[in-house]
Amino acid sequence: MNTVRVAGLDLPLFQGGNPSLLFPSDLVETDSTIRNLQNIIYPMLEGRPVLLVGDAGVGKNALVYYINWKMQKPTLRFSLNEDTLPEDLIGSYRVLLDGKGFEWTDGILTSALKSGYSFVADEMNLATPHILKRFSSVYESAFIDILEGSGERILGNPGFHFVGTQNPSEGFEGRKPLPFDITKHFSVVFIDPHTPDEILFILSKLYPDLNSEFLRKAISTSIQIELLIKQGDIGRGDLEKYHFNIRVLKKLCERVLLFGKSDPQVQLREVLHLYYDPFRKSEDRDKIRPILQEQWGQIPSDINRSQNIDVSFHIKDETLFCNDKKISLLDESKAKSLLTSVPLPNPILDFMEKVTTAFQNKENVLIEFREDQDPQVYYKLITELIGNQVELVSLSKGVHTSDIIGALKPIAASEVGWTDGPLTRGIRKGAMIVITGLESAGAELVEKMNMLTDDAKSLALPPESGESVPIKLKENSRVIAFKTFRSSKSLPTISRAFRNRFTSILFPELEDIDTIKEILAFYLPDEFLPEAMAKFHLKVKNLSHKRTIGSANLVPYSFGISNLLTWKDHILHFNQQNVKDVALRGGRIAYSNQVSDTKERAELEKILDFQLQGIEAVSELFEKIEEKKKTFTEPTNIEKKRWWDPELHKREALTGKARKINSGDPLKRGIEINTAPTGGNEKEGADAWYGKDTRGNMGQGEPAGGGGAWGYRTEELYKQFLKKRRLLWDYKMVVSREEFLEIFGKELEEVELNLERLFDPEVDITRMYRNEGSRIDARRYISYKNGKGDGRIFDKTLIEKEEEKLKGVEVAFLVSKCRRVFNFDYSVAVLSALLTSAYILRDHEVNFSVHSYSDLKNVKNKIDIIHAKKYEDEFDQIAEESLFNFFTQGWEGDSIPEHQILSNLENFFTPEAQTKIVVILSDFRGQRAKADIEDEIGGRETVLLRDMVRKNESKNYVFLGVGLGSRYIAEHIFHDSIQITSENFYNMPNLIGSEMSRLILTHHSQRN
């Protein structure tokens, strides 16, 4: 038997495979790659399936392709999604074109079993578990029963391997963890990113003509920028998900080799294109600039035109030249016509140079733009420049996968056959695949294009197409996608894994007056008109941006290039002798007519009239509005002062026998108090620990250690907690929400992303059939033709999320807001957990309230319950600020008997609540804590609290006890609990959110 050596192991060569399914691989065997290969190969040799888990671009599919390429064994790969059906993988009947018969076609998984090929289930955790379980016999025992067809059992031929790949469920849109009853059958291998030295070794092997100095600088740049993204220092403001890895580095190396490997200007230009230009926020670019200057030298002040060379296009010998770029043209005359049909100011020339660069290097292009900067006027120039046919794939919410790939459809009055969708049609004819609305489609559709946009450049069709081999993108085809920027968290966007498959190019923001004048002057011969129109356009944009107009509207007015072009079109269409009247009417149509306020509309039209006469108009109305806004502006700067001096509060304990501890403990344990409640023999008064006139006595806030909660231990713990993030905050946490989010914002965003999917109801795929439609279900058609079914043969499947599933859920947060809890790291943990939970519950329309309880004045006969957020209160930015401020101060209160809080739980919920979840955050140590944990667990207050919890559980209340501190008391009180200690407090948002989602999905689904 012929063998080949891979990662130090001898593997058998495969005989007789389909050569079109072999994917040449450039994988370099580094130390970690060899480990990963061995972790895959050993289970394969044992006949066990493998599940590869790892970040985008770490090479999960590349590892499988490499093994199979070495073995000369074909690979069949299928991208799973939420819309995947068993028939897609196993097979289905298709209707013969003459309409007189049927033919069974194996699915891609069945083909792999029969042929002994490797089958790769890409993005496994995008498919629903019940679909994966349909072919569980494959990954359990390597066979499948064809229930959809003849019913026969297909055994896997020698060589068959099942490999699953997926991104982690944390940090990726649309992914959920696979249940254990599926993963237990796999050898799970987590693929770590390469180390910097390994990346250098890999790139040196792949690109030997590039010197090591360039590679080191490129690797350092990539790693530093990716680190800033992970820390939340860049990329947070525009709500998009960025990712830089070895895939981007390879793209950089290929470009530098293509355009001048020894030219520092070329190196800098391509680094800027790939690592600087994708960010649209100036603050992000300002943070990246020092990294670039450190690695690549001085960056020109006009960073977008780093070479200070004008961009120019010319066409000769069926080739388009753009400075040092060149691409072959299929239609020279069409390219010339396109370049002369639209205005090309400098920002557009720079943009088109980047597009041309990506085209020459055969990259997928992602063009991103602001909604008001729609590049419609340049659409044809971008998509038709090379001369290929253009196949448009328009995505939107609700578009079915088969709508873009293809389906069985009537092809004549009495015939049914496979009909390609636009994506499949475009691949077959070698067209430019142009995808619009990329951000609006769900993962069930977008991720279907994974194979098409990575190195495989292919698309697997469903079996009813009659093709079991994926179709491949032709050499001269490109994939061009258009998407708008995400403007709020409630809007969808593409995952960073999918973005990583494209080269992102930002459409320029055409804001400066000279650029706008140049665009208008291209169409309008009048020398004065372009300047007047440009000034008015910018004036209106400024007024709407500042909300000088539209201040009474919930959504501000938006005016973009499309308004300007509409105005221009009106003037050209109604070309009359009196141009001013036409321009005035066109300006009203394009701008002022959409303004609802009559005074504002009249004022805009007055400015328009003056502007077209060459007069700079001053609006008294708009000036008054601006003045009024200034009058009501509140100062935002907070003067931060330490509100107490630790040196002034050093004192001996008020009562009891005490001695100073001089152990040299860096946490300054302070005073040891020998009292009865803390294990001593001396009885003390009610204020023995805290003192009625002091805010601390240098204690560490723990019984048997002595002292109150405001002593040095708090200060030292906060120093440890914040020393890597920011200088020490005051104990009151006198800090703004903006400062807090500056430090913790990235972590909270990641938690939100992870938990959103847990809170989301499952995607409902509703299979419906009608007498009319476009997609024909083959099995129903067979029944109909045989007289055993009705005429409802058209598939009207809907994919939607039933948001009503969460209707009736209410969550009440009860927080013990006392000084004992504020000590340690838990105040920050509580704050971040509540904010994160509030964001997610609000976005999923789950009612929630937040309440704190304590004895504020230490009177011992009163419980103070403060309603920080009621159910009826809208959780907007003002409410969020209020909640933040509430939990950054006011922790002076004393602890209280907590069982009393639960005596009237109905007060914390509305009458409409069906599933009532109570989340209690406390240390559960009672009003007077004990030295020994056994005494606390068996203490009277703990027993009363446990009894009260049981009593309320019988009334269908659901409890989650969140214990704070090192003593695990919550688990002895609640059936469901988590414990937050100084070791895991930073994970509190994740812990509390995942537990809440589990309780919601468990208890709410049982009642509805």
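Tyr557 and Phe559 are both buried, where buried means under 20% relative accessible area, exposed over 50%, and partly exposed in between, with a 1.4 Å probe and protein chains only. This is a predicted model, so residues are numbered from 1 along each chain as its sequence is written, local features need pLDDT of at least 70, side-chain atom pairs count only at pLDDT 80 or more, and totals for chains, interfaces and linings use all residues. Side-chain values use heavy atoms, with hydrogens and water left out.

Aromatics first. The search of the whole structure gives 28 aromatic pairs. Rings of Phe, Tyr and Trp (its six-membered ring) pair if their centres lie within 6.5 Å; planes under 30 degrees apart are stacked, over 60 edge-to-face, the rest tilted. Tyr557 and Phe559 have ring centres 6.3 Å apart and planes at 45°, so this pair is tilted. One aromatic cluster consists of Phe119, Phe135, Tyr139, Phe162 and Phe186.

Next, helices. Helices are DSSP runs of H or I, at least four residues, and strands are runs of E, at least two, numbered from the N terminus. The axes of helix 10 (residues 246-259) and helix 11 (residues 264-276) come within 10 Å and cross at roughly 145°. Axes are lines fitted to C-alpha atoms over the stretch in contact, and angles run from 0 to 180 degrees between N-to-C directions. The contact (heavy atoms within 4.5 Å) includes Leu249, Leu252 and Phe259 of helix 10 and Val266, Val271 and Leu274 of helix 11. Its residues divide into nine nonpolar, two polar and four charged. Here Ala, Val, Leu, Ile, Met, Phe, Trp, Tyr, Cys and Pro count as nonpolar, Asp, Glu, Lys and Arg as charged, and the others, Gly among them, as polar.

Now the hairpin. Strand 13 (residues 319-322) runs antiparallel to strand 14, joined by four bridges; two strands pair if DSSP finds at least two bridges between them. Thr319 has Ser328 of strand 14 as its bridge partner. Two residues lie between the strands, and Asn323 in the turn has a positive phi of about 55°. Which residues of strand 14 are on its covered face? Lys325 and Ile327 are, while Lys326 and Ser328 are on the uncovered one. In a regular strand, side chains alternate between the two faces of the sheet.

Last, Leu883. This residue is in helix 32 (residues 877-886). Leu883 is at 2% relative accessibility, so it counts as buried. Beyond its neighbours within four places in sequence, Leu883 is in contact with Leu835, Val850, Ala868 and Phe875. Leu831 is 52 residues from Leu883 in sequence, yet 8.8 Å away, C-alpha to C-alpha.
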